[in-house]
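Colleague: I am new to this structure and would like to learn how to read it. Could you walk me through a helix contact and a cavity?

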Amino acid sequence: MTRGRPPRCADVRDIYLACTLDHEIEEVSRSEMETAFVVSQRVRSEFHAGYAKYKHTKYEDKTELLAFDGRLYRRIPVDGPWSRLLGNAFDGHEYAGRPEPGLNLTVTQDGKASTVMSPLARQFEWQLDRESALDSRVVTAWPHGSHTYDRADRRELVDFREIHDSIEDIDIAIQHETQRTIEAFVGRMLVVDGSHLWMECGAPTWRVSHQEAQQHVAVKIELAHGFDGFDCDLSRRYFALDDLEGAEQHAAQVSRKRKGDKNPYIMSKAIPEFEVLDASAETKDVMDGELSRIGYALATECFRYARKHVGWVDQFSPQQRNSLLMAYHETLATNYVSGKMGNVRGHVLDLCDIWEQTPYAMTYCTAGLSKYRDGKILLQSAREIGTANADQAFRDELARPVGPRAQNRACTRENKTLATNGRLWPITRVIGHSSVASTKYPPAARCRRCSISDNCRDRATSVLFTTYFPRLWHQLRGCVSIPSRPNTFQERAAGGFL
């Protein structure tokens, strides 16, 4: 919050007008990029439990991932059947759990969200929700509506010139953080050969997911990218490219019949042919990312449950409450777009114990089709990964050189002691110690026309979300050849509204 006199409306207008795309998208030629990964959509399918009616369509297609300057990129489809997703910055849905075209490397036609703006929208949406006290700020943030389509339309059509006079104050810190996030997002894009848009992406992984089908639940193993951002569907699990066995074991665990199951769980594997040509297409830290994602989700859900149920958190030990507080702060500091990731891995075991007593509360996130069935599977997986992570962290700490003669130290792993020239030295760093910032956040903005006071707190974030977003989208559209069609967005652009 700014100190002293609130800025004049003219200052707010200046802030908006200054929010141009200073970071230009880099242009390169195809010859400057190296092919890092090739996947052919000639799929070998396997089905378990003998469900004969379940069929998998085989596609004859090929997808390439390219490497440039040590980073991996995937092509963003902007033509053909996907052009319908490019009309507006807001496409009528919340972005959290919706994959966009190009994430699924097994079936290229998969995906329903905007191919370009989803990562940025997903980050902003998650930021709104993880600080929610009771109701989701994704829903209550201004401009709000009665349902998702109504909210999307209002956020798409809002004209900053019509609302700036109602803003008395704006949180400059949020504004600057938003601008840095947008710049980081644009910095991950390349225009190739002047007409194709490519975006930096994560390495391919094995994705295990399940969804309801006709008279059964389909548990699928597919080759896919992880979500570009926070994936709130915790029933989706990701495994490294060299860990297909781990993916199969998890899929088998999900498919196992349990008491109360109304329909059978049918597991299928769709394994495409692929070739790894560059190290950038392989990753070894998938489990770290999965553990962090679970930690972010549990910290947010547990903290929200504690707000709703006064005194509930008192049943836990001081260590568990401290773990929850530290994990929540690390979650608030996490920004997938800019790559600023909070470290919650050391707190996941405590978070599992706390979340189990909620019981299995889920609001923004989801554990799967059945909260209790899939919640138990989630807890088992999280505890297995968390225990392995804690053991590895302890071994790494024992092996870390400490003391004034670190350069001459040898680690004696047999008796778990650290020795230097025959002398024992103590470990001087406390594992897991960090400072905790204050949880008190001042209101982001005040509004004279808003009748619901809770919405005023979201004013600054919402203004940035609704005004920068279409403005940025219009500039991105100008960088590549996108089929034009009459729509509200283009009319506004032509009229000088953006």
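This is a predicted model: local features need pLDDT of at least 70, side-chain atom pairs count only at pLDDT 80 or more; totals for chains, interfaces and linings use all residues.

Colleague: At what angle do helix 7 and helix 11 pack?

Modeller: Helix 7 (residues 244–255) and helix 11 (residues 371–399) meet at about 150°, and their axes lie 10 Å apart. Because angles over 145 degrees count as roughly antiparallel, helix 7 is roughly antiparallel to helix 11. The crossing of helix 7 with helix 11 is right-handed.

Colleague: Which residues make the contact?

Modeller: From helix 7 come His-250, Gln-253, Val-254 and Ser-255; helix 11 supplies Arg-373, Ile-377, Gln-380 and Ser-381. Sorted by kind, the residues of this contact are five polar, two nonpolar and one charged.

Colleague: Now the empty space. How does one find it?

Modeller: A probe the size of a water molecule is rolled over the atoms, and this shows where empty space is left. Here the count is four cavities of 30 Å³ or more. Let us visit the second largest cavity, with about 80 Å³ of space.

Colleague: Which element gives the most to its lining?

Modeller: Helix 11 does, with four residues. Helix 7 and helix 11 are the elements that give two or more residues to this lining.

Definitions and conventions:
Residues are numbered from 1 along each chain as its sequence is written. Side-chain values use heavy atoms; hydrogens and water are left out. Axes are lines fitted to C-alpha atoms, for helices over the stretch in contact, and angles run from 0 to 180 degrees between N-to-C directions. Angles under 35 degrees count as roughly parallel, over 145 as roughly antiparallel, 65 to 115 as roughly perpendicular and the rest as oblique. A crossing is left-handed if the near helix is turned anticlockwise from the far one by less than a right angle, and right-handed if clockwise. Contact means heavy atoms within 4.5 Å. Ala, Val, Leu, Ile, Met, Phe, Trp, Tyr, Cys and Pro count as nonpolar, Asp, Glu, Lys and Arg as charged, and the others, Gly among them, as polar. On a 1 Å grid over the protein atoms alone, a cavity is a set of points where a 1.4 Å probe fits but cannot get out, and a pocket is an open set with protein on both sides within 12 Å along at least five of seven lines; lining residues have an atom within 4 Å of a point. Grid points are joined across faces, edges and corners, and a volume is the space filled by probe spheres set on the points.
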